[in-house]
Amino acid sequence: MSAVPGDTLPRTAHEAVLAAATDPDHLLPATVHGRTLRYLADHGLAWLRPLSSGHRFTYDQAHAVTVHLTENGRQYALRHGAPAPRRRAVIVACGNRKATTDAQTWLPAGKLYTGSYHRALRRAADALTSHWGTVLILSAKHGLVRPDRLLGPYDMAITDTAAVTSEHLRQHAEAFDLPNAEVVFLGGTSYADVLRPAVPHSVLPLAGTRGIGEQLSRLREYYDPAGSDRRAACWEQAEARAEQGLAERTTTRLQPDVAAAGTIGRPTTPAAAQYLTASTGRRTAAITRSLPVRAAAGTTVPAGRPGSVPRPPSPTQR
């Protein structure tokens with residue numbers, strides 16, 4: 001990799017960082033070489049974003065893993081003239097009504113929940129992220145998941161003893177790099193109470209509403225085509241909260257990868273190092289972003305059928 005004149009990063013790494021800065025989720029392009037990924041990770045500019053497996057996260061190569069910019073990487077892009085806006089994420093609560101009750105049928109999380117309340121949450125979330133941002137779903141069983149994460153039907157509420165906790169969500173939030181993002185949460189009080197300790201800077205537009213009817217009315221204000229001012233005001237508040245959160249973490253950082261420019265951020269764990277090393281020379285199927293959906297942790301997808309609905313894990317795998 002040839003060096004960029006007057007810059008400390010090699011050209012390929014430099015271009016990868018600037019390209020990721022233009023992605024709403026700050027993901028590095030799938031074509032980036034494994035050695036470049038390792039280089040950026042070692043220098044605190046990028047890090048692995050694993051998919052969750054229930055309450056856990058895994059870096060196993062058998063599961064879908066992507067590589068995203070850290071805040072240090074975003075600041076590097078800003079210093080070199082890239083727009084690099086801060087990431088935006090809208091988290092929506094899951095729903096009780098499911099598209100299927102067949103345990104053998106797994107669907108993307110974005111299609112699993114079919115209740116009218118969840119659909120209204122998604123409409124508002126999609127409107128808020130129409131120009132920039134991503135949507136995450138807060139599942140009572142699985143925690144924070146992307147809409148393309150394959151899930152089987154389940155019957156669990158956030159208030160159940162087996163549901164995810166604030167500590168679980170804190171780990172999920174750090175894996176999704178939410179401490180460095182502008183975050184909006186759409187959902188009921190019980191979900192907000194569990195999420196708030198994990199993402200304290202999140203904005204709660206539905207706070208103070210009384211009942212589902214008032215919440216639905218407020219949600220309409222966000223997805224109404226004429227609601228651009230309401231959406232802009234929401235993100236202005238989220239930006240202010242994010243800036244405040246970053247300022248509060250100046251001395252005690254929640255994420256060690258937000259480091260001074262040119263220093264190594266988050267230490268590379270053996271599992272992560274093995275993953276990045278194995279990626280050298282090629283991007284494995286686990287981090288290929290061209291698939292319509294990704295297999296969830298602990299599931300299997302028939303060979304030659306990318307995105308097929310997987311078989312649920314056996315009891316010993318759960």
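## Strand S5 and its burial

Strand S5 is largely enclosed by the rest of the structure, because five of its six residues are buried. Buried means under 20% relative accessible area, exposed means over 50%, and partly exposed lies in between, using a 1.4 Å probe and protein chains only. The model is predicted, so local features need pLDDT of at least 70 and side-chain atom pairs count only at pLDDT 80 or more, while totals for chains, interfaces and linings use all residues. Residues are numbered from 1 along each chain as its sequence is written, and side-chain values use heavy atoms, with hydrogens and water left out.

Strand S5 covers residues 88-93. The names of helices and strands follow DSSP runs, numbered from the N terminus: helices are H or I runs of at least four residues, and strands are E runs of at least two.

## The sheet around S5

S5 belongs to an open sheet of four strands, in the order S8-S7-S5-S10, with mixed pairing. From one strand to the next, the twist averages 25°. Two strands pair if DSSP finds at least two bridges between them. Strands of a sheet pair through backbone hydrogen bonds, either parallel or antiparallel.

S5 and S10 pair in the parallel sense over five bridges. Ile91 stands opposite Phe185 in S10, and Val92 stands opposite Leu186 in S10. S5 also runs parallel to strand S7 (residues 134-139), joined by five bridges. In that pairing, Val90 stands opposite Val135 in S7.

## Helices H8 and H9

Helix H8 (residues 211-223) packs against H9 at an angle of about 95°, and their axes are 6 Å apart. H8 is therefore roughly perpendicular to H9. Axes are lines fitted to C-alpha atoms, for helices over the stretch in contact, and angles run from 0 to 180 degrees between N-to-C directions. Angles under 35 degrees count as roughly parallel, over 145 as roughly antiparallel, 65 to 115 as roughly perpendicular, and the rest as oblique.

Glu221, Tyr222 and Tyr223 in H8 meet Arg230, Arg231 and Cys234 in H9; contact means heavy atoms within 4.5 Å. The residues of this contact of H8 with H9 divide into three nonpolar, no polar and three charged. Here Ala, Val, Leu, Ile, Met, Phe, Trp, Tyr, Cys and Pro count as nonpolar, Asp, Glu, Lys and Arg as charged, and the others, Gly among them, as polar.

Helix H1 (residues 11-20) packs with helix H3 (residues 71-79) at an angle of about 100°, with the axes 9 Å apart. H1 is therefore roughly perpendicular to H3. His14, Val17 and Leu18 in H1 meet Gly73, Tyr76 and Ala77 in H3. The residues of the contact of H1 with H3 divide into four nonpolar, two polar and no charged.

H1 also packs with helix H2 (residues 34-42), at an angle of about 75° and with the axes 10 Å apart. H1 and H2 are therefore roughly perpendicular to each other. Thr12, Ala13, Ala16 and Val17 of H1 make the contact with Thr36, Tyr39 and Leu40 of H2. The residues of the contact of H1 with H2 divide into five nonpolar, two polar and no charged.

In helix H6 (residues 166-175), the buried residues include His168, Leu169, His172, Ala173, Glu174 and Ala175. After H6 comes Asp177, with a positive phi near 60°.

Leu48 lies in strand S1 (residues 46-50) and counts as buried, at 1% relative accessibility. Leu48 and Ala175 are 127 residues apart in sequence and 8.0 Å apart in space, C-alpha to C-alpha.

## Cysteines

A disulfide is a covalent bond between the sulfur atoms of two cysteines. Here a disulfide is taken as a pair of cysteine sulfur atoms within 2.5 Å, and the count comes to zero. Cys94 is buried, with a relative accessible area of 7%. Cys234 is also buried, at 3% relative accessibility.

## The chain as a whole

The secondary structure of the chain comes to ten helices and ten strands. Of the 318 residues in the chain, 52% are buried. Among contacts in the chain with a separation of 6 or more, 69% are between residues 24 or more positions apart.
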